[in-house]
Amino acid sequence: AEIHFYYSFHTIPCIGFQVHLDGESMVYSADTNSDKAVVEKMFEDGTIGQQRRDMLINNGPLSGDHSLIFHEAGVPPIHTPMKLLCDLPENIKQKMFVVHVTPSQIPKDSKLRQANAFDTLDIDMHDRSEGGDSATITNFFQLLSSLDIFNAITLENCRDIVPLSYKKTYEKGTLISASNVPIDVMTIFTAGIAHEKDENHMDTVVKAYTAGDYTGEIALVDNDVNSRFMIEAFSQVHTLEVPIEPLKKLLTDETTITMIKGYSELQRDSVWSAMSRNIVFNAFSNSQRKDFLENLGDVEEFNSGDSIELQSCGVFIVEGTVQVLLDPSSVDEEDLSTYRGGHSRMDFIDCEVSRGAFLADINTVLNDRVTYVTCETTTEKVTLRRLERTKLVNFLIRNPGLMVQLLDTRILTNDAVY
């Protein structure tokens, strides 16, 4: 596949993209104004140059025969007027989903559709793919070899497994796998979102699965193992399910076997389950959880009323409750600045956090400055583990999307980010 990124037509830097594969494509407009008359006017006024004008006119999100179009709408001139989208030819509207709007903003007779959060949309490539069984085996190999536990697999290894594997689609709310049943397949998630849940605490998501995640791998190294939790489709979910027994024959690499066994041991650690309560960490892949957990320091215990030092580190609450306070009026002017600019102000924080919370003044950690966040235990016993500054910074560097997400934050709980 080829992915093309470009700067959209907006007042601040904003990036749209196109994805092309085997003659099919999708485009995401980002915030933009696709009104060609506006672009031409700005070119005539000398506001934009010839190259920028040509790019917006000839390669914009409404140019080209895309299979799927995600296009924004809003108030012009910095957004595309809804009327422009309503007046598009029917063949384009049939492939379009509108974003950046509420349902009430889309005229009922426009034949435009809204892209809802967590919807799973796909482009059927089967009729256009060439090569028959050979292409199927190649695609299977590419998917399997992209997983960390099968990165040493060969194309030849896949030939016998492909006929035994099958693709499945689960509608939102349906059961993907039950708890406490024998694991006989490894499930690879190829699209959508699924939630792993404890049947005794159905309101808590133990882990969120997205495209590229997998489950059932523990059965590759542990015979007669049962599933610990149920997995339910949170959106429409697409999976590839591969039988365990033939997969075992591919596991000849001792390093990989040791890694999978390590995952199994880590999943019994109290921190692993506590991470599932965190609003951000519960979406971590197994490798991210393993990386995070292996960098944590030793267990520390505190009694009620003790202060917890948060300077130059992150603190993960394993058990107990902690009161966290930040008064911006006590912060020096030079430390009030944020990565997101003046509009992202430093808020007053006074909250109680518990098991699964992660405390880290990310800005001060990255800049190695003084933190003004104070923490005090409020239960008889609090257990925590620290992630010291260098290891936390390196973890964020290895996970740049997470770093951007956590800039200007100080607390991650089971239901909020402060």
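A polar contact is a pair of N or O atoms within 3.5 Å; within protein, one of the two must be able to donate a hydrogen and the other to accept it. The legends below describe close-up views of a predicted model.

**View 1. Glu196, a buried acidic residue in strand β10.** Glu196 belongs to strand β10, which spans residues 194–198. The residue is buried and forms no salt bridge. Arg289 is the nearest side chain of opposite charge, at 6.3 Å; a salt bridge requires a side-chain nitrogen of Lys or Arg within 4 Å of a carboxyl oxygen of Asp or Glu. The side chain of Glu196 does make a polar contact of 2.9 Å with the side chain of Tyr209. Leaving aside residues up to four places away in sequence, Glu196 touches several others, among them Thr204, Lys207, Phe229 and Ile231.

**View 2. The buried face of helix α2.** Helix α2 covers residues 50–58, and its buried residues are Arg53, Leu56 and Ile57. Viewed down the helix axis, these buried residues lie within an arc of 95 degrees, so they line one face of α2. In an α-helix there are 3.6 residues a turn, so residues three or four places apart point the same way. The elements covering the buried residues of α2 include β1 (2–7) and α1 (36–44).

View 3. Asp35 is found in the loop between β3 (24–28) and α1. Its relative accessibility is 22%, and Asp35 therefore counts as partly exposed. A polar atom of the Asp35 side chain lies 3.0 Å from the backbone nitrogen of Ala37. Asp35 and Leu56 are 21 residues apart along the chain, and their C-alpha atoms are separated by 9.6 Å.

View 4. Asp54 is partly exposed, with a relative accessible area of 24%, whereas Arg53, at 18% relative accessibility, counts as buried. Another salt bridge links Asp87 and Lys83 at 2.6 Å, and both of these residues are exposed. The side chains of Arg355 and Glu319 also meet in a salt bridge, at 3.0 Å. Arg355 lies in the loop between β19 (349–353) and β20 (358–359), and Glu319 in strand β17 (residues 313–319), so this pair ties together parts that are 36 residues apart in sequence. Glu319 is partly exposed, at 39% relative accessibility. Through salt bridges that share partners, Glu40, Arg53 and Asp54 are joined into one network.

**View 5. The six-stranded open sheet.** The order of the 6 strands is β1-β2-β3-β4-β5-β6, and their pairing is mixed. β1 and β6 (113–114) stand at the edges with a single partner strand each, so one side of each has no neighbour in the sheet. Within the sheet, β3 and strand β4 (residues 68–72) pair in the parallel sense over 3 bridges. Tyr28 has Phe70 as its bridge partner in β4.

**View 6. The four-stranded antiparallel sheet.** This open sheet consists of 4 strands in the order β7-β14-β9-β12, with antiparallel pairing. Its edge strands are β7 (166–170) and β12 (214–215), each of which pairs on one side only. β7 and strand β14 (residues 237–243) pair in the antiparallel sense over 5 bridges. Glu241 is the bridge partner of Tyr166 in β14.

Notes:
Residues are numbered from 1 along each chain as its sequence is written. This is a predicted model: local features need pLDDT of at least 70, side-chain atom pairs count only at pLDDT 80 or more; totals for chains, interfaces and linings use all residues. Side-chain values use heavy atoms; hydrogens and water are left out. Buried means under 20% relative accessible area, exposed over 50%, partly exposed in between (1.4 Å probe, protein chains only). Helices (H or I, at least four residues) and strands (E, at least two) are DSSP runs, numbered from the N terminus. The arc is that of the directions from the helix axis to the C-beta atoms. Contact means heavy atoms within 4.5 Å. Two strands pair if DSSP finds at least two bridges between them. Lys and Arg count as positive and Asp and Glu as negative; His and the chain ends are not counted.
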